[in-house]
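Subject: Structure for you to look at

Hello,

Here is the structure I promised to hand over. Please open it beside this message and follow along.

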Amino acid sequence: MSREPGLDGRHHWQRAIDLASRRHTGQFRRNGVTPYASHPVRVAMVAATVFGVEDERILAAAVLHDLIEDTTVDYDELVEHFDHEIADWVAALSKDKRLPEDRREAEYDRAIAAAAWPVRLIKLADVYDNLCDCDDAYRPAALDTARRALVLAAADPELEHALACLDAFVRTMSTGDVAPS
């Protein structure tokens, strides 16, 4: 029986990229060509380069944000590789696919609103990245999701810069100009 090697990297974000790359293998973005693992890495890059986040734990959770929802990774595996706080953040960013879509979205919004501010920051970075690579057909839905995320995060003083960046991008995308600033 072969055993999977341990995660590589000294930093949380390095090990997070390793785990996300392994678990998202074979998954693709909406265009059918781009490997899905590029999305969580881009979400962390948005958090770091656009929003100015330097906290490696938040960057790691950004990379891990879709694992529970879209792979076989569960909360316990995240605790094993990282810790409870990072696993809590990722769990809050995961939709319960057992629920009907309308109820699932409402529950997800409640979880995001009740979670720690880093969860809302990662959600802002997630919708920012989704807006960056959406096609014309998906843009209205992506804009609606981004506006919903802006409302959920509006009361957080820690998120003032991220909110301003995403809000400006949403306004730009709403006018049809697709290049992020």
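Is D129 buried or exposed? D129 is buried, because its relative accessible area is 3% and buried means under 20%. Keep in mind that this is a predicted model.

**The D129 pair**

D129 has a partner. Its side chain meets that of R42 in a salt bridge, at 2.8 Å from N to O. D129 sits in helix α8 (residues 117–132), while R42 sits in helix α2 (residues 38–50). The pair therefore ties together parts that are 87 residues apart in sequence. R42 is partly exposed, with a relative accessible area of 25%. As a general point, side chains of opposite charge can pair when their charged atoms come close.

**Helices α3 and α6**

Next, find helix α3 (residues 56–64) and helix α6 (residues 84–92). Two packed helices are described by the angle between their axes and the distance between the axes. Here the axes come within 9 Å and cross at roughly 45°. The crossing is right-handed.

Which residues of α3 and α6 make the contact? On the α3 side they are R57, I58, A61 and L64. On the α6 side they are E85, I86, W89 and V90. By class, the contact has 6 nonpolar residues, 2 charged residues and no polar ones.

R57 and E85 also form a salt bridge, with their closest N and O atoms 2.8 Å apart. E85 lies in α6 and R57 in α3, so this pair ties together parts that are 28 residues apart in sequence. E85 is partly exposed, at 39% relative accessibility.

How many salt bridges does a search of the whole structure find? The search finds 18. One more to look up is the pair D96 and R98, whose side chains meet at 2.7 Å, N to O. D96 counts as partly exposed, at 28% relative accessibility. R98 counts as exposed, at 74%.

Finally, go back to D129 and R42. Salt bridges that share partners join R29, R42, D129 and D133 into one network. Try to trace that network on your screen.

Best wishes

How values were computed. Residues numbered from 1 in each chain as written. Predicted model: local features only at pLDDT ≥ 70, side-chain atom pairs only at ≥ 80, totals over all residues. Heavy atoms only, no water. Axes fitted to C-alpha atoms, helices over the stretch in contact; angles between N-to-C directions. Helix = DSSP H or I, 4+ residues; strand = E, 2+ residues; numbered from the N terminus. Left-handed = near helix turned anticlockwise from the far one by under 90°. Contact = heavy atoms within 4.5 Å. Nonpolar A, V, L, I, M, F, W, Y, C, P; charged D, E, K, R; others polar. Salt bridge = Lys/Arg side-chain N within 4 Å of Asp/Glu carboxyl O. Buried < 20%, exposed > 50% of the residue type's maximum accessible area, 1.4 Å probe, protein only.
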